[in-house]
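Trainee: Could you show me how to read the features of a model like this one? I would like the general idea each time, and then the case at hand.

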Amino acid sequence: MSVRAQTLLWVAQRASAAVLALCVTVHLATMIYAIRGGLSATEILSRTRGSVGWLAFYTVFVIAVTVHAPIGLRSVLLEWGRWRGASRDIFLLGLAMLLAWLGMRAVLGVFL
């Protein structure tokens, strides 16, 4: 892999980490606020249904996970398992697609 490609992966990893940090903070703060306010899971879901803002927020969350996790796992597979080459990258692409599909399925389940 070229130095340019490695640099782009490094930047994507760090940028997605920053987005994830923000998303996790907002998610946890919102959940703590809602639960301390006495809302049940059913009441929380009733408030998120049809909310385009929450749909957008959690879609960004899913995209960040989809970018971040496979890049990090790529390094782990190289360092610990010595797995290199196209087969590793195809596996990680499949993992990214699975994360995106499952994540968006959950997001749409809350939105619809």
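Mentor: Gladly. Let's start with Arg82, which is exposed, with a relative accessible area of 60%. Exposed means over 50% relative accessible area, buried under 20%, and partly exposed in between, using a 1.4 Å probe and protein chains only. Keep in mind that this is a predicted model, in which local features need pLDDT of at least 70, side-chain atom pairs count only at pLDDT 80 or more, and totals for chains, interfaces and linings use all residues. Residues are numbered from 1 along each chain as its sequence is written, and side-chain values use heavy atoms, with hydrogens and water left out.

Trainee: Where does Arg82 lie?

Mentor: Arg82 sits in the loop between α3 and α4. Its phi is positive, about 55°, although Arg82 is not a glycine.

Trainee: How many helices and strands are there in the protein?

Mentor: Both come from DSSP runs, numbered from the N terminus: helices are H or I with at least four residues, strands are E with at least two. Here there are four helices and zero strands, so the order from the N terminus is α-α-α-α.

Trainee: How do the axes of α3 and α4 cross?

Mentor: Axes are lines fitted to C-alpha atoms, for helices over the stretch in contact, and angles run from 0 to 180 degrees between N-to-C directions. The axes of α3 (residues 52–81) and α4 (residues 86–111) come within 9 Å and cross at roughly 160°.

Trainee: Is Gln13 buried or exposed?

Mentor: Gln13, in helix α1 (residues 3–36), is buried, with a relative accessible area of 12%. Contact means heavy atoms within 4.5 Å. Leaving aside neighbours within four places in sequence, Gln13 is in contact with His68, Ile71 and Gly72.

Trainee: And what is the radius of gyration of the protein?

Mentor: The radius is taken over C-alpha atoms, and the globule rule is 2.2 Å times the number of residues to the power 0.38. A compact globule of 112 residues would be near 13 Å, but the protein has 17 Å. Its C-alpha trace spans about 50 × 25 × 20 Å along the principal axes. Buried residues make up 22% of the 112 residues.
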